[in-house]
Amino acid sequence: MKKITTMIVALTCLVPSLAMAGGDIAAGKAKAAVCAACHGAAGISIVPMYPNLAGQKEMYLVNALKAYKTGQRTGGMAPIMAGQAMALSDADINNVAAYFSSLK
C-alpha cells in the first residue's frame, strides 16, 4: 500500500510540470511561418501527403519534431523534416508545438 501511495504522490507532482511545459504561442507562430509551405498557413495542408498540424496535440508535435531532429523518424518526408527540425532549438520546438496545438 505504501508503494502505491508513493507512486500516486509522484504522479501528482509530475502532472503540473507537464502542464507548464507549454511553449509561447506568439513566438511559435512567428517561427512556424516556414511550415506554411507544406502544412498550410493555418496548419491545414492542401497537399494530401502533408499532414494537418492545426489542433494536433502539443506533446505529439514536440516528440515528433525532436524525433526528426535526432534521426529517430525515418519514413516518408523525414529527410525534409529533419532539415527543418535541425534549425529549431528546444524552445522553438515547444513554441511551434504550442502554436499549432492552439489552432482549431
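Predicted model: local features only at pLDDT ≥ 70, side-chain atom pairs only at ≥ 80, totals over all residues.

Student: How should I read the core, and which residues touch the most other members of the largest one?

Tutor: A nonpolar core is a set of buried nonpolar residues joined through side-chain atoms within 4.5 Å. Here the largest nonpolar core has 18 residues, and A32, L65 and F100 touch the most other members.

Student: Which elements give two or more residues to this core?

Tutor: They are α4 (58–70), α5 (78–86) and α6 (90–102). The largest share comes from α6, which gives five residues.

Student: What is F100 in contact with, leaving aside its neighbours within four places in sequence?

Tutor: With that exclusion, the contacts of F100 are A32, C35, G43, L53, A54, G55, Q56 and L61. One of them, A32, was named above beside F100 for touching the most other core members.

Student: Now the pocket. How much space lies in the largest one?

Tutor: A pocket is an open set of grid points, unlike a cavity, from which the probe cannot get out. In this model the largest pocket holds about 570 Å³ of space. There are 27 lining residues, and those closest to the centre are H39, L53, L65, Y68 and M81.

Student: Which element gives the most to the lining of that pocket?

Tutor: That is α4, with five residues. The elements that give two or more residues to the lining are α3 (36–39), α4, α5 and α6.

Student: How is the lining of the largest pocket divided by class?

Tutor: Its lining has 21 nonpolar residues, four polar ones and two charged ones.

Student: How many salt bridges does a search of the whole structure find?

Tutor: The search finds one. To count, a side-chain nitrogen of Lys or Arg must be within 4 Å of a carboxyl oxygen of Asp or Glu. The side chains of K31 and D92 meet this way, at 3.7 Å from N to O.

Student: Is D92 buried or exposed?

Tutor: The cut-off for buried is under 20% relative accessible area. D92 counts as buried because its relative accessibility is 17%. K31, at 36% relative accessibility, counts as partly exposed.

Student: What else is D92 in contact with?

Tutor: Leaving aside its neighbours within four places in sequence, D92 is in contact with K31 and A87.

How values were computed:
Residues numbered from 1 in each chain as written. Heavy atoms only, no water. Buried < 20%, exposed > 50% of the residue type's maximum accessible area, 1.4 Å probe, protein only. Helix = DSSP H or I, 4+ residues; strand = E, 2+ residues; numbered from the N terminus. Contact = heavy atoms within 4.5 Å. 1 Å grid on protein atoms, 1.4 Å probe; cavity = no way out; pocket = protein on both sides within 12 Å on 5 of 7 lines; lining within 4 Å. Points joined across faces, edges and corners; volume = space filled by probe spheres on them. Nonpolar A, V, L, I, M, F, W, Y, C, P; charged D, E, K, R; others polar.
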